[in-house]
Amino acid sequence: MKRNYSQIMRRIGTVGGLMLLITGCATRHEAQPSGTPIPSSPSVTVSPTVVPTSTPIPSVAPTPSPTPVASVNFPKMTLDEKLGQMIIAGIDDYSMNEEARKLIATYHVGGIILYKPNVKDTNQLVSLVNDLKKTNTVNKLPLWLGVDEEGGRVTRLPDEISKTPTSQTIGKSGKTELAHSIGQLLGKELNAYGLNMDFAPDLDINSNPKNPVIGDRSFGANAALVSSFGIPMMNGIQEMKVVPVVKHFPGHGDTAVDSHIGLPVVQNDLARLRKLELIPFADAIKHQADAIMVAHILLPKIDTKYPASMSKTIMTDLLRKELGFKGLIMTDDMTMGAIAENYEMGEAAVKSVLAGSNVVMVGHDPQKAITVINSLRTAVQAGRIPLDTIDQSVQQVYKLKMKYKLQDQPVTVPDPKLLNAEVQRVLAPLSAK
């Protein structure tokens, strides 16, 4: 049945008493995977010895728009519809094909991630996005359409669009207001193409010069710098009504292995993380972070068995309980080598959901996304995953989609020249003497 956004909102008003607030490896009843318990300690704080007062986070007020919503009951859904909302899937090709149609119409996936192989030019991207939205009108909730648009070498927008600089360049500029303006610019560009989720900014601290995957994707080598630039960029994206997903919790900056290829093992303990890697994430949470992507890294001094994206110790005990994060927890792409080379993907997804993730990303190969959905369904039906766990995750998805007032309305083709003029305007301070 077609779903109209205004009808949903009217229904919310009667069902849940909507209150607007101003401001992403058994047996039945399997226990959630857990590693070494976290010793009791105070919540992560920004210590003056770690975050110097000379480089404070700029006074960017918590973003008043989009308006968050109170907890309400989401529309009545079947189990398959609920499980679909917990998946962000990748698709093949430049245009809508049968596999993509099946993911949306049959498996009800809640979001699609697009990569450079999905983007040829402006006309093609808008056509694909509009076809994805049109296909999703059979579902009860609008579709997340996301990209990794960090700037620098990590960009998915058409080649006609002038690129924004690396996070490292922004950090070296010393201009925190530039990070905020670039965040707004990224949000505006994504909006122009009908996209509504940005897997950015990167809040990793570039503390290991041998790191093969982060490098200039980081704002810098210390917590103060990363917080001071990452949070304004996050807020700028939010202000354009695009969902920013900060990453890669609990910190991918001190790795020597690319998790796209293998599983990084990091020998840092909680005391080290609390003094460095966790600080930008703790600050982002204080500044209204909506969603956090969890990395595929193994920290054996914290959880001896599971990588962060499958660890209850890291996602539930650390991120939820200690840091107090109340938003959406999303995994990094489960088709990356860190998971694909070490775990059966469906079982890894089950472990991840049991450990606390709300959304599982399966960025490549639509059939793998279907495998994950089938594995989750089997686990629920066998009693391994409680239905309440599924409902809590779908509630997180629903609240965030309603907060940003997502719709599946088509967009018109933007003018790259106008967008490029905006890029030049925003980047002018970088060239100023």
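How do the residues of the lining of the largest cavity divide into nonpolar, polar and charged? The structure is a predicted model, in which local features need pLDDT of at least 70 and side-chain atom pairs count only at pLDDT 80 or more, while totals for chains, interfaces and linings use all residues. Residues are numbered from 1 along each chain as its sequence is written, and side-chain values use heavy atoms, with hydrogens and water left out.

The lining of the largest cavity comprises one nonpolar, three polar and two charged residues. These are Met77, Glu81, Gln85, His108, Asn139 and Lys140 (a cavity being a set of points on a 1 Å grid over the protein atoms alone where a 1.4 Å probe fits but cannot get out, and lining residues having an atom within 4 Å of a point). The space in this cavity is about 40 Å³.

An open sheet is formed by eight strands with parallel pairing, in the order S7-S6-S5-S4-S3-S2-S1-S8 (strands are DSSP runs of E of at least two residues, and helices runs of H or I of at least four; two strands pair if DSSP finds at least two bridges between them). Strands S7 (328-331) and S8 (360-362) are the edge strands, each pairing on one side only. Three parallel bridges join S2 (residues 111-113) to S3 (residues 144-147), and isoleucine 112 has leucine 145 as its bridge partner in S3.

Glycine 183, in helix H6 (residues 176-192), counts as buried because its relative accessibility is 0% (buried means under 20% relative accessible area, with a 1.4 Å probe and protein chains only). Isoleucine 237 lies 54 residues from glycine 183 in sequence, with a C-alpha to C-alpha distance of 4.6 Å.

How values were computed: 1 Å grid on protein atoms, 1.4 Å probe; cavity = no way out; pocket = protein on both sides within 12 Å on 5 of 7 lines; lining within 4 Å. Points joined across faces, edges and corners; volume = space filled by probe spheres on them. Nonpolar A, V, L, I, M, F, W, Y, C, P; charged D, E, K, R; others polar. Buried < 20%, exposed > 50% of the residue type's maximum accessible area, 1.4 Å probe, protein only.
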